[in-house]
Amino acid sequence: MTGQQVQDHYSTDDIASRVLAAARDAIGPDAPLTPDALAPIDHFHGGGLAATRDLVALLQPRAGERLLDIGSGIGGPARWIAAGFGCHVTGIDLTTAFCRAAEALGEATGMSSQVRIVEGSALDLPFEANSFDRAYSQNVVMNIADKPQFYREALRVLRPGGVLALSNVAAGPAGPPYYPVPWASSAATSFLSTPEATRNELVAAGFQIVSFEDTTAKSLAARKALRARLESEGLPPLGFHVFMGSRAREFQINAARSQEKGRLASIEALVCKPA
Ligand SMILES: C[S@@+](CC[C@H](N)C(=O)[O-])C[C@H]1O[C@@H](n2cnc3c(N)ncnc32)[C@H](O)[C@@H]1O
């Protein structure tokens, strides 16, 4: 049931057409549709492309490697990493509408041969053990109640010595966030662990911690800046509202407000499957 509620929160119609039309308006009719050109829309997490760059600095992907993006959304990070680093990225996501959009945007950007999209659950990954060199997940586990299973599945599909980079929204000390937020319309599909609990969950699943950073102050600054822009200038031409609708403004303002009040935190981590 929770899976359907998660999909209901994220699903809208004609996502790829709307993203492509907005991007064309912004870049002009003849400019190439590259992963960089779509980046203001299709990195669907609080810090946008800057946050993906931070995660990639941890992940250090190399040409020819097999990467897994767990909860790949409409595929922006997968296309951007595949294009920039020459990797093969498999993105898996629960939300059918996002998977179809990711496939269409892969075609439109010429990235289909490097980015494969699979519809499915992070809790039951349809991949053999030891299939991937590296994996990453950005702003996904807050939709996952069964975090031990999420991390066990990530561990299983990584090769020994393979790494998982995580960027997670986490629970703050001052209580639950103000809903709706970008990942959930209500508490029914929002499951936040504190930074400390997250670290423990990763170790319990069998990962070794390579690095673990509480990034709450950094993400607070980004969310505050975004809130100020939304309140003074309104929605920009390119942003999540293109596919999430005008409710995206309330989502983002609530996320910023929640974090300002100590109701949200965030972490970035790199963890390793023991060799
Ligand atoms: C906030 S979006 C982030 C998307 C993407 N990681 C990005 O940063 O652009 C969260 C994503 O997690 C996906 N998701 C939630 N629960 C999932 C599950 N159990 N298995 C796979 N994907 C899931 C949602 O469908 C959604 O696409």
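This is a predicted model: local features need pLDDT of at least 70, side-chain atom pairs count only at pLDDT 80 or more; totals for chains, interfaces and linings use all residues.
## Helix H9 against helix H11

On the H9 side, the residues are Thr216, Ser219, Leu220, Arg223, Lys224, Leu226, Arg227, Leu230 and Glu231. They meet Arg249, Gln252, Ile253, Ala255, Ala256, Arg257, Gln259 and Glu260 in H11. Sorted by class, this contact has 6 nonpolar, 4 polar and 7 charged residues.

H9 covers residues 216-233. Its axis and that of H11 are 9 Å apart, and the packing angle is about 135°. An angle over 145 degrees would count as roughly antiparallel. H9 and H11 are therefore oblique to each other. The crossing of H9 with H11 is left-handed.

## Asn254 in H11

Helix H11 also holds Asn254. Is Asn254 buried or exposed? Asn254 has a relative accessible area of 6%, so it is buried. Its contacts, with neighbours within four places in sequence left aside, are Tyr178, Tyr179, Pro180 and Val181.

## Helix H7 against helix H8

Which residues of H7 meet H8? They are Lys147, Tyr151, Arg152 and Leu155. Their partners in H8 are Thr198, Glu201, Leu202 and Ala205. By class, the contact of H7 with H8 counts 4 nonpolar, 1 polar and 3 charged residues.

## The nonpolar cores

The largest nonpolar core has 29 residues. Within it, Val19, Ile74, Phe98, Trp183, Phe243 and Met244 touch the most other members. Several helices each supply at least two residues of this core: H1 (2-10), H2 (15-27), H3 (35-42), H6 (96-108), H10 (241-244) and H11 (247-260). Which helix gives the most to this core? H2 does, with 5 residues.

Take Val19. Not counting residues up to four places away in sequence, Val19 touches Leu38, Ile41, Ile74, Leu105, Val242 and Phe243.

Technical notes:
Residues are numbered from 1 along each chain as its sequence is written. Side-chain values use heavy atoms; hydrogens and water are left out. A nonpolar core is a set of buried Ala, Val, Leu, Ile, Met, Phe, Trp, Tyr and Cys residues joined through side-chain atoms within 4.5 Å. Buried means under 20% relative accessible area, exposed over 50%, partly exposed in between (1.4 Å probe, protein chains only). Helices (H or I, at least four residues) and strands (E, at least two) are DSSP runs, numbered from the N terminus. Contact means heavy atoms within 4.5 Å. Ala, Val, Leu, Ile, Met, Phe, Trp, Tyr, Cys and Pro count as nonpolar, Asp, Glu, Lys and Arg as charged, and the others, Gly among them, as polar. Axes are lines fitted to C-alpha atoms, for helices over the stretch in contact, and angles run from 0 to 180 degrees between N-to-C directions. Angles under 35 degrees count as roughly parallel, over 145 as roughly antiparallel, 65 to 115 as roughly perpendicular and the rest as oblique. A crossing is left-handed if the near helix is turned anticlockwise from the far one by less than a right angle, and right-handed if clockwise.
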